[in-house]
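Colleague: I have a new chain open on my screen and would like to go through it with you. Could you walk me through it slowly?

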Amino acid sequence: MDQYIWLGLLIFFGVLEAVTVGLTSIWFALGALVALLAASFGASGWLQVLAFILVSALALAGLRPLTKKYLNTKKVPTNADRVLGKIGVVMEKVDNMAGAGLVSVGGKLWTARSGMDAVIEKDTQVDILCIEGVKLIVSPHSESSD
């Protein structure tokens with residue numbers, strides 16, 4: 001009977017691993033596999049559970065750092081990040097309600113939205129707060145931010 005429980009858990013964790021993006025449950029699948037093997041050789045229930053817990057914990061502790069090193073989870077900066085913290089000039093009035101706004105930064109035109117939902121008039125200097133999609137989020141430039 002124990003073998004069916006461990007086989008069910010092995011399949012469950014294997015399917016869970018297959019439908020998730022990162023390595024999330026492979027550690028428990030390994031533990032269930034070892035517990036299934038222990039059950040096949042007639043180990044008692046408490047020994048099977050202990051094997052499951054120990055193997056899962058050791059796999060998680062030992063292999064997780066290695067997998068994190070080789071999985072590409074880092075954000076790759078682009079040249080667009082160079083405008084963050086810069087000062088731009090409003091070329092077309094920034095109005096979130098109207099969905100309008102153009103800002104020039106470093107000779108390039110960007111669509112822009114106000115970070116404070118305020119209308120920012122043409123020719124106003126603005127601070128670039130962040131980038132959301134292809135839009136700059138800006139606020140009126142304050143001299144104290146220099």
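Modeller: Here we go through the chain step by step, from its overall layout to single residues. Please keep in mind that this is a predicted model.

Colleague: Fine. How many helices and strands are there in the protein chain?

Modeller: The protein chain has three helices and five strands, and if you read from the N terminus on, the elements follow the order α-α-α-β-β-β-β-β.

Colleague: And what share of the residues counts as buried?

Modeller: Of the 146 residues in the protein chain, 29% count as buried. The chain exposes about 9,700 Å², and carbon and sulfur atoms supply 66% of that area.

Colleague: Let's go inside. Which residues make up the largest nonpolar core?

Modeller: The largest nonpolar core has 12 residues, namely Val-83, Val-90, Val-94, Val-103, Val-105, Trp-110, Ala-112, Ile-120, Val-126, Ile-128, Leu-136 and Val-138. Two or more of these residues come from each of strand 1 (87–95), strand 2 (100–105), strand 3 (108–114), strand 4 (125–132) and strand 5 (135–140).

Colleague: Now the aromatics. How many aromatic pairs are there?

Modeller: The count comes to four aromatic pairs. One of them joins Phe-13 and Phe-28, and this pair is tilted, with 5.5 Å centre to centre and 35° between the planes.

Colleague: Which parts does that pair tie together?

Modeller: Phe-13 lies in helix 1 (residues 2–19) and Phe-28 lies in helix 2, so the pair links parts that are 15 residues apart in sequence.

Colleague: Are those two buried or partly exposed?

Modeller: Phe-13 counts as buried because its relative accessibility is 13%, whereas Phe-28, at 31%, counts as partly exposed. Both rings also belong to one aromatic cluster, which is formed by Trp-6, Phe-12, Phe-13, Phe-28 and Phe-52.

Colleague: I also marked Ser-56. Where does it lie, and what does it touch?

Modeller: Ser-56 lies in helix 3, and it is buried, since its relative accessible area is 4%. Not counting residues up to four places away in sequence, Ser-56 touches Trp-27, Phe-28 and Gly-31.

Colleague: And Glu-17, is that buried or exposed?

Modeller: Glu-17, which is found in helix 1, counts as buried because its relative accessibility is 12%, and the cut-off for buried is under 20%. Leaving aside its neighbours within four places in sequence, Glu-17 is in contact with Gly-22, Leu-23, Thr-24, Ser-25 and Ile-26.

Colleague: Take Leu-30 as an example. Why does it count as partly exposed?

Modeller: Leu-30 is found in helix 2, and it counts as partly exposed because its relative accessibility is 33%, which falls between the 20% limit for buried and the 50% limit for exposed.

Colleague: Last topic, the backbone. What is the phi of Asp-117?

Modeller: Phi of Asp-117 is near 55°, which is a positive value in a residue other than glycine. Asp-117 lies in the loop between strand 3 and strand 4, and it counts as exposed because its relative accessibility is 63%.

Colleague: And what about the phi of Asp-123?

Modeller: Asp-123 is not a glycine either, and it has a positive phi of about 70°. Its place is in the loop between strand 3 and strand 4, and with a relative accessible area of 57%, Asp-123 is exposed.

Terms used. Residues numbered from 1 in each chain as written. Predicted model: local features only at pLDDT ≥ 70, side-chain atom pairs only at ≥ 80, totals over all residues. Heavy atoms only, no water. Helix = DSSP H or I, 4+ residues; strand = E, 2+ residues; numbered from the N terminus. Buried < 20%, exposed > 50% of the residue type's maximum accessible area, 1.4 Å probe, protein only. Core = buried A, V, L, I, M, F, W, Y, C linked by side-chain atoms within 4.5 Å. Phe/Tyr/Trp six-rings, centres within 6.5 Å; stacked < 30°, edge-to-face > 60°. Contact = heavy atoms within 4.5 Å. Areas by Shrake-Rupley, 256 points an atom, 1.4 Å probe, with all protein chains shown as cover.
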